[in-house]
Amino acid sequence: MDITLLLASTATLAGGIPLTLLLTFASLLAGLVLAVPLAFMRASSRKWLSRPVLAYTYVFRGTPLLVQFFIIYYGLGQIGAIRASLLWVVLRDPFWCCLLAFSLNGAAYATEIFRGGIQAVAPGMIEAAQAVGMSPLQIKRRVIFPIAFRSVLPPYANEAISLVKATSLASTVTLLEITGLSRRLVSETFAPYEIFIAAGVLYLGLTFLLAGFFHVLEARLNGAPLVKALPRRVALQQVAREQ
């Protein structure tokens with residue numbers, strides 16, 4: 001192994017970290033915005049609300065991300081109506097195609113994760129909120145979602161870490177994130193061993209930092225008393241009910 005090349009490759013590939021992080025966090029944010037309302041729809045007892053979301057999550061969780069990636073990047077451009085619309089201004093750029101694919105795929109997984117957390121909220125919490133006159137939207141925003149988010153944080157953290165590694169697929173459409181730079185360096189130096197080890201070290205470092213962030217966040221949330229996460233009157237009525 002050429003240690004000098006390994007160190008030089010690590011420094012060069014570090015230039016792809018900003019794009020990797022941008023894809024990761026932008027996809028996480030977009031996926032979260034989509035997943036939260038979809039999770040409440042998925043958890044609904046009304047089939048006309050839950051079934052379409054189930055179909056969406058089933059398709060995106062049941063097919064490979066790379067296939068979804070190619071359908072969005074190569075397939076949408078074959079539709080004349082899209083090429084003639086304003087959407088083509090965005091979708092002809094590989095970055096936005098990557099962001100769309102990662103967001104839709106991540107939202108499908110996050111929807112099922114949050115759906116499990118929503119359905120696990122104790123009925124007594126919801127009844128107490130109803131007893132003090134909170135509206136359905138207030139109950140979802142101030143009671144159900146905070147409790148659900150706390151309970152599903154570990155699996156959601158795993159999904160976020162998986163997304164960091166999934167951004168390597170962006171290299172297949174010429175984006176120069178860490179893996180894209182690695183492939184270009186390999187074509188120039190013909191030394192895949194050192195270069196891909198350097199890429200692996202960088203991904204390992206990113207996942208370590210992200211896992212540490214979620215670990216700290218989970219510790220802070222678990223350390224906070226539950227009554228602080230709920231409106232005071234709701235918490236007091238729940239305590240009285242349990243006694």
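Thr174 sits in the loop between H9 and H10. This is a predicted model, so please take what follows as computed from the predicted coordinates. The phi of Thr174 is near 75°, which is a positive value in a residue other than glycine. Buried or exposed, then, for Thr174? Exposed, because its relative accessibility is 61% and the cut-off for exposed is over 50%.

Phe190 is in the loop between H10 and H11. Phe190 is not a glycine either, and its phi is positive, at about 55°. Its relative accessibility is 71%, so Phe190 counts as exposed too.

Now the interior. In soluble globular proteins, nonpolar side chains tend to be buried together. Here the largest nonpolar core has 58 residues, and the members that touch the most others are Leu13 and Cys98. Which helices supply at least two residues each to this core? They are H1, residues 3–13, then H2, then H4 at 65–75, H7, H8 at 123–131, H9, H10 at 178–189 and H11 at 192–223. H9 gives the most, with 14 residues.

Take Cys98 as an example. Leaving aside residues up to four places away in sequence, Cys98 touches Leu23, Phe69, Ala170, Val173 and Leu175. Another core lies apart from the largest one; it has 6 residues, including Val53, Tyr56, Phe60 and Ala107.

Next, the pocket. The largest pocket holds about 250 Å³ of space. What lines it? From the H2 range, 17–43, the lining takes Pro37, Phe40, Met41 and Ala43. H2 gives the most to this lining, with 4 residues. Ser44, Ser45, Arg46 and Leu49 are also on the list. From H7, which spans 94–119, come Ile118 and Gln119. From H9, spanning 136–166, come Lys140 and Ile144. H2, H7 and H9 each supply at least two residues of the lining.

By class, the lining of the largest pocket is 7 nonpolar, 3 polar and 2 charged residues. Arg46 and Lys140 are in that lining, and both residue types count as charged.

Technical notes. Residues numbered from 1 in each chain as written. Predicted model: local features only at pLDDT ≥ 70, side-chain atom pairs only at ≥ 80, totals over all residues. Heavy atoms only, no water. 1 Å grid on protein atoms, 1.4 Å probe; cavity = no way out; pocket = protein on both sides within 12 Å on 5 of 7 lines; lining within 4 Å. Points joined across faces, edges and corners; volume = space filled by probe spheres on them. Core = buried A, V, L, I, M, F, W, Y, C linked by side-chain atoms within 4.5 Å. Buried < 20%, exposed > 50% of the residue type's maximum accessible area, 1.4 Å probe, protein only. Contact = heavy atoms within 4.5 Å.
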